Amino acid sequence: MAKADLKVIGLKGIMPRYVVAGGTKIEFGEPVHNLASYDNDGLADVNSIVLAAADIPVIGTSNFCGVSNKTSTVVAAGTIAEQWLPCALPVPDIGRIRGLGSTQASVDTLTELALLIMDKALITYNATGGADGGEGYTIAVTPAADVNGLTIVGGNTNLKTLDVIVDARAYCMDVT
Amino acid sequence: MAKADLKVVGPAAIFPRYFVSGGTAIQAGEPVHSVATYSGGEASANTMVLAAADTPVIGTHNFGGVANEDSKNVAAGTVAEQWLNVATPAPCVGRVRGKAEVTASVDTLTELALLIMDKVLIDYNSTGATDGGQLYTIKVAASADTSGGTLVYGNVHTQELDIVIDSRAYCLDVT
């Protein structure tokens, strides 16, 4: 776990998200998503969110649910308690998520940064990338697919941070 | 008609929507949409109307939002031509809040939790209000993936439900 890996900048909403007991503890600043699928009946087969344990958001694979706005409460075992966890959701295509570049040496000059602008990106998940050995989340500096749900729109070469916006389709699975 | 059936919570824009004269009077808190279809980019209908069906269905309705004021009406009680201020929630982030269609279905966390992330609609009941007019609630039963609301939150004490609006519900002719 790593606190404040990601921040939400600009237009956003704060929304309580449902979390069931037993999952990995969520620190504020960590991304969450929902892995429900739908079978033409509108029914979600999963009703809760979880801490991202993969690069996200991939359009059509998960429902992006924002960035945690507080640290989750936990049970004695250290896993999460059932709760409504406030999450910050950037308005699609307008609000931004800010995080360190996954390879900071790739974003320390304007020439490098400029080559990334408008690229489709993901939040990179590193299971042991946090300063405490827990998960770390950064912004991928290498685009992989057009179905990546983020678009790089800015950055800071001094801080090696990148800003991304979220595609509306990344909030909604079953979108073609 | 029923006042304040629905509320918009969180990021939203208030903007004027065009209504022609003659439609059903609109109370603040009632949902409006357009049923225009497109050919060559031209809308077959240029006006919003009070929803008279479960809404928003992706590919059928252009969701307009929730009326932020009562409509001005002519003597007959129908809508006068006007620009009516409507609250339009930011897609996927702003929320529409309303009573559950069946309140007994959301009075425990166990019941509510099973509805989270389901695709649902705003329910239209033409005579459900206390004055015998239309009533709008949030459906508690999902029916199709094309339902333009996603249930994200609720209050088991007030039996209210919150939905976010799919960006595609604002845009007809999007597949």
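Mentor: Start with one residue of chain A: Cys87(A) touches Met15(A), Arg17(A), Val32(A), Cys65(A), Gly66(A), Val67(A), Ser68(A) and Asn69(A), leaving out residues up to four places away in sequence. Contact here means that the C-beta atoms of two residues, placed from the backbone, lie within 7 Å. The model is predicted, so local features need pLDDT of at least 70 and side-chain atom pairs count only at pLDDT 80 or more, while totals for chains, interfaces and linings use all residues. Residues are numbered from 1 along each chain as its sequence is written, and chains are lettered from A and ligands numbered from 1 in the order in which they are written.

Trainee: Which residues have the most contacts inside the largest nonpolar core?

Mentor: A nonpolar core is a set of buried Ala, Val, Leu, Ile, Met, Phe, Trp, Tyr and Cys residues joined through C-beta atoms within 7 Å. The largest has 94 residues, and those with the most contacts inside it are Val32(A), Cys87(A), Ile123(A), Val164(A), Leu151(B) and Ile163(B).

Trainee: Is Ile97(A) buried or exposed?

Mentor: A residue is buried if 20 or more other C-beta atoms lie within 10 Å of its own, exposed if 12 or fewer, and partly exposed in between. Ile97(A) counts as buried because it has 27 C-beta neighbours inside 10 Å. Ile97(A) lies in strand β7 (residues 96–100) of chain A. Its contacts, not counting residues up to four places away in sequence, include Leu6(A), Val8(A) and Val164(A). Strands (E, at least two residues) and helices (H or I, at least four) are DSSP runs, numbered from the N terminus.

Trainee: What covers the two faces of a strand, and which strands pair with β3(A)?

Mentor: Two strands pair if DSSP finds at least two bridges between them. β3(A) pairs antiparallel with β5 (residues 63–68) of chain A over 3 bridges, and Asn34(A) has Asn63(A) as its bridge partner there. Another 2 bridges join β3(A) antiparallel to β4 (residues 50–51) of chain A, where Val32(A) is bridged to Leu51(A). As for the faces of β3 (residues 31–34), both are covered: Pro31(A) and His33(A) on one side, and Val32(A) and Asn34(A) on the other, are all buried.

Trainee: What is the strand order of the open sheet in chain B?

Mentor: The sheet has 5 strands in the order β1-β9-β14-β13-β10, with antiparallel pairing. β1 (6–9) and β10 of chain B stand at the edges with a single partner strand each, so one side of each has no neighbour in the sheet. β1(B) is joined to β9 (residues 95–99) of chain B by 4 bridges, and Leu6(B) has Gly98(B) as its bridge partner.

Trainee: How many residues of chain B are in contact with chain A?

Mentor: 25 residues of chain B are in contact with 26 residues of chain A. The elements of chain B that give two or more residues to this side are β10 (119–120) and β13 (149–155).

Trainee: Where are the backbone details to check?

Mentor: Look at peptide bonds and phi. The bond from Ile56(A) to Pro57(A) is cis, with omega near -5°, and Pro57(A) is in the loop between β4 and β5 of chain A. Gln159(B) has a positive phi of about 55° although it is not a glycine; Gln159(B) is in the loop between β13 and β14 (160–165) of chain B.
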